[in-house]
Amino acid sequence: MNFTNILFYVFAAILVLASLRVITARNPVQAALFLVLAFFQAAGIWMLLKAEFLSIVLVLVYVGAVMVLFLFVVMMIDIDLDKLRAGFWNYLPVAAVVGGVIVVEMAAVIWRAFPSTGTAVPAAANTIGQTKALGLKIYTEYIYAFEIAAVVLLVAIVAAVALTLRKRKDTKFFDPAEAVRVKRNDRLKIVKMDATVHAPVAAAETKEAP
């Protein structure tokens, strides 16, 4: 076992642990930070496969943009953690079955796709790591999927802004434009009242005495 294989197992182990913490962390901000850690480990695995472009794109796009936006939305909106986690363990059997099926299917695909023939596997950079080849694939064969993904991201940004700017009932809100347009007469109102004369206290006490 060489040093590259050791790095792969280290990255894979940290990736699996970080993925588990994403779905088990009680705080959504901590879950998002563990997701950032998982992205970094996946980028390290791409780097071991000599796909440097995909590794850098994974860090720049997902960690630098998507996760920052996600953290901003999570910290700005109110999330009821108790309601969110209610009934979480009730779905554990179904999730375990689905996860087991996915693991078996992936193992079957890997077992059939990589037979032990002794042939050298070409570097990933020769097939999927080049920027020009990815650009040609995206803007020719996968142009509709690319446009759909762009629309989905746009809708997500609009929804995040709408959730952030919504009016909350438990906070005080005022319109700065209305505060600037207010006039002096709207702030202060002078009311004229007739003067009232009260009897002296001493005179009132002498009248009440027997």
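Q: Is Glu141 buried or exposed?
A: In this predicted model, Glu141 is exposed, because its relative accessible area is 52% and the exposed class begins over 50%.

Q: And what about Lys137?
A: Lys137 counts as partly exposed, with a relative accessibility of 41%.

Q: Which side chain does Glu141 meet in a salt bridge?
A: The partner is Lys137, at 3.3 Å from N to O.

Q: Where do Glu141 and Lys137 lie?
A: Both belong to helix α6, residues 131–141. They are 4 residues apart, which is about one turn of the helix.

Q: How many salt bridges does the count give?
A: The count comes to 1 salt bridge.

Q: Changing topic: how do the axes of α1 and α2 cross?
A: The axes of α1 and helix α2 (residues 28–48) come within 8 Å and cross at roughly 160°. The two helices are therefore roughly antiparallel, since that class covers angles over 145 degrees. The crossing is left-handed.

Q: Which residues make the contact?
A: On α1 they include Leu7, Phe8, Phe11, Leu15 and Val22. On α2, Phe34, Leu35, Ala38, Ile45 and Leu48 are among them.

Q: Which elements have the lowest and highest mean pLDDT?
A: Helix α10 (residues 201–208) has the lowest, at 54, and helix α1 (residues 3–24) the highest, at 88. Where pLDDT is low, the predicted coordinates should not be read in detail.

Q: What does the chain average?
A: The chain averages a pLDDT of 76, and 72% of the residues score at least 70.

Methods:
Residues numbered from 1 in each chain as written. Predicted model: local features only at pLDDT ≥ 70, side-chain atom pairs only at ≥ 80, totals over all residues. Heavy atoms only, no water. pLDDT = per-residue confidence, 0-100. Salt bridge = Lys/Arg side-chain N within 4 Å of Asp/Glu carboxyl O. Buried < 20%, exposed > 50% of the residue type's maximum accessible area, 1.4 Å probe, protein only. Axes fitted to C-alpha atoms, helices over the stretch in contact; angles between N-to-C directions. Parallel < 35°, antiparallel > 145°, perpendicular 65-115°, else oblique. Left-handed = near helix turned anticlockwise from the far one by under 90°. Contact = heavy atoms within 4.5 Å.
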